[in-house]
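Visitor: Could you walk me through how to read a fold like this one?
Guide: Gladly; let us take a look together.

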Amino acid sequence: MLRDTSVLMDEKRVFKPNYQLVEDAHVKNWEAELEKGKDLEKYWSEKAEQFEWFEKWDKVLDESNKPFYKWFVNGKINLAYNAVDRWISTDKRNQVAILYVNERGEEKKLTYYELYREVNKMANALKNLGIKKGDTVSTYLPMCPELLISLLACTKIGAIHSVVYSGLSVGAFVERMNDARAKVLITADGTYRRGKIIDLKKIADEAILQCPTIETIVVVNHTGQAIEISDLSGREIFYERLIEGESDECAPEKMDAEDPLFILYTSGSTGKPKGVLHTTGGYMVGVATTLRNVFDVHNGDLWWCTGDIGWITGHSYVIYGPLLLGTTTLVYEGAPDYPDPGIWWRIVEKYGVTKFYTAPTAIRHLMRFGNKYPNIYNLSSLKILGSVGEPINPEAWMWYYKNVGKEKTPIMDTWWQTETGMHMIAPLPVAPLKPGSATRPLPGIDAEIIDENGNQVPLGKGGYLIIKKPWPAMFRTLYEDEERFLDVYWKSLPGGVYRAGDVARKDEDGYLWIQGRSDDVLKIAGHRVGTSEVESAFVAHSAVAEAAVIGKSDPIKGQVIKAFLILKEGYKMNTALIEDLKKHVRYELGPVAVLGEIEQVEKLPKTRSGKIMRRILRAQEEGDDLGDTSTLEE
Ligand code: WTA
């Protein structure tokens, strides 16, 4: 059933494009570009021509086995080669590729040539560890240059990477590592967070005990204080040691366009996370094209996406997109408000960031501190701002626009998903903007809003967001779970269309307004957290018999968790137990699972077949009508 979308945002403001930007924009005419995008094969093959292929494709799109679409059939390419090696013979050779900055004010710069050599050394080292094309390498690393180098090294030799977000904890880590059957884990001694060092190695050590496939653990000595060589076990080696003496030349593996590139786990409606699998050629073309057009990337730009590489935003728009365009990507390790809430703006001023991409939750968090901080710094280098991860409320949009962009820089509200790999619904710099709307589907993307029966819903009415035609960066399957891939995304609505899992509406200008998820996935501070993952974590605690979890609105995080628990006999809810439960869930899932409230209940609303009806809990919580209760047990 659809969530009630009658409370639609009544946002009427329209912001015209900034003409200075439009003048040298890659795309000067929105309508014309949308028109071009209608010829899918022509549009995407033109974009693909801009890369260096070892062998050109025979066919742009193979639709013979829907929904197992293939892009750039029989094309041979290497993504790392296109992101790094390609620039070495150009005047970008000595340009900074990665600008790493952390909350302590330390910086590290790697030019394209330096990055090239580091990637090659690591690629050779991985080969020496026995990693071959098709093997999986996992990382559990902070935002640091070694993370980008390691992923590019995998890509160079055709290994599949599987990044575990460093904010996830033991339980989540073990599940992801074992599902991907990683052979090598690359981790670090720690990460900086608000003046402290979080001991990643300790979490990894604990998790590894339950990960039988791991043969080697590579440890980046990142914070430089936690571990001695003598602390390392037989199968552990420091990153520096590992690459010592390795050649800085490494031939790129010739990959088929459809060879796997990476697995990235994300939350769905059941307890088990989904291993979203992306492949090489289409992903490369989609990510680079969208970044180039939406953020109008040019020579001389300094690109900063604050998203963590543990999530899709970081994969597509911290590493691959910017390097494929030969721009400079700023990699920041730290929080937005430490040592003070001006840190991000200080970095923008210091380095002259031109394009800045972040999440609504961060904006709302910084808004709390007022205009003071963005006004202290000179932000005039900024040309385009971006937003991703959840709907941006008009109030946050306006604050961002006025205080950060000084009413000159457009805000690109980009809707997309781990599964889509690239921006799908987003404006271009030439587009008139409406605060809170991601505007229209990008050129080459066919999105629509339908009801349960597959009919297009009338304008202004809420419905399921779907994508009707394939796009190059689309995920190809869920790792070793084809059935779930088909059931969740392609079969649950009529018409063989891609079901995004979001509810949206369309206005009279064809602008789309995303309302939120239609499934049991929460968005906590922009991070995807599955309600059943949290429920499983609760039930693993000795005091809990049954658990149901819903999202509760939160002014900063968007949503936080509200849990309803049935306790086992002999247990009573009290402050000590609540604290213990919170600690337990944090241990299982990590700080992403932000607990708002925990309530003890005697019963949970269930269907006759025993499924928890979270919808009823949500409605009760928000004081809404309970809706259809015919399947309710009691
Ligand atoms: C939500 C993040 C509104 C949406 C790139 C989607 C958004 C989910 C937006 C995917 C946006 C992402 N406006 N909602 N601009 N961007 N979402 O996989 O619910 O972490 O389905 O990918 O985030 O989250 P994921």
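Visitor: What share of the residues of the protein count as buried?
Guide: Buried means under 20% relative accessible area, with a 1.4 Å probe and protein chains only. Here 63% of the 634 residues count as buried. This is a predicted model, in which local features need pLDDT of at least 70, side-chain atom pairs count only at pLDDT 80 or more, and totals for chains, interfaces and linings use all residues. Residues are numbered from 1 along each chain as its sequence is written, and side-chain values use heavy atoms, leaving out hydrogens and water.

Visitor: How many helices and strands does the protein have?
Guide: Both are DSSP runs numbered from the N terminus: helices are H or I with at least four residues, strands E with at least two. The protein has 19 helices and 30 strands.

Visitor: At what angle do the axes of α7 and α8 cross?
Guide: Axes are lines fitted to C-alpha atoms, for helices over the stretch in contact, and angles run from 0 to 180 degrees between N-to-C directions. Those of α7 (residues 170–180) and α8 (residues 200–208) cross at roughly 55° and come within 9 Å. Angles under 35 degrees count as roughly parallel, over 145 as roughly antiparallel, 65 to 115 as roughly perpendicular and the rest as oblique, so α7 and α8 are oblique to each other.

Visitor: Which residues make the contact?
Guide: Contact means heavy atoms within 4.5 Å. From α7 come V170, F173 and V174, and α8 supplies I203, A204, E206 and A207.

Definitions and conventions. Buried means under 20% relative accessible area, exposed over 50%, partly exposed in between (1.4 Å probe, protein chains only).
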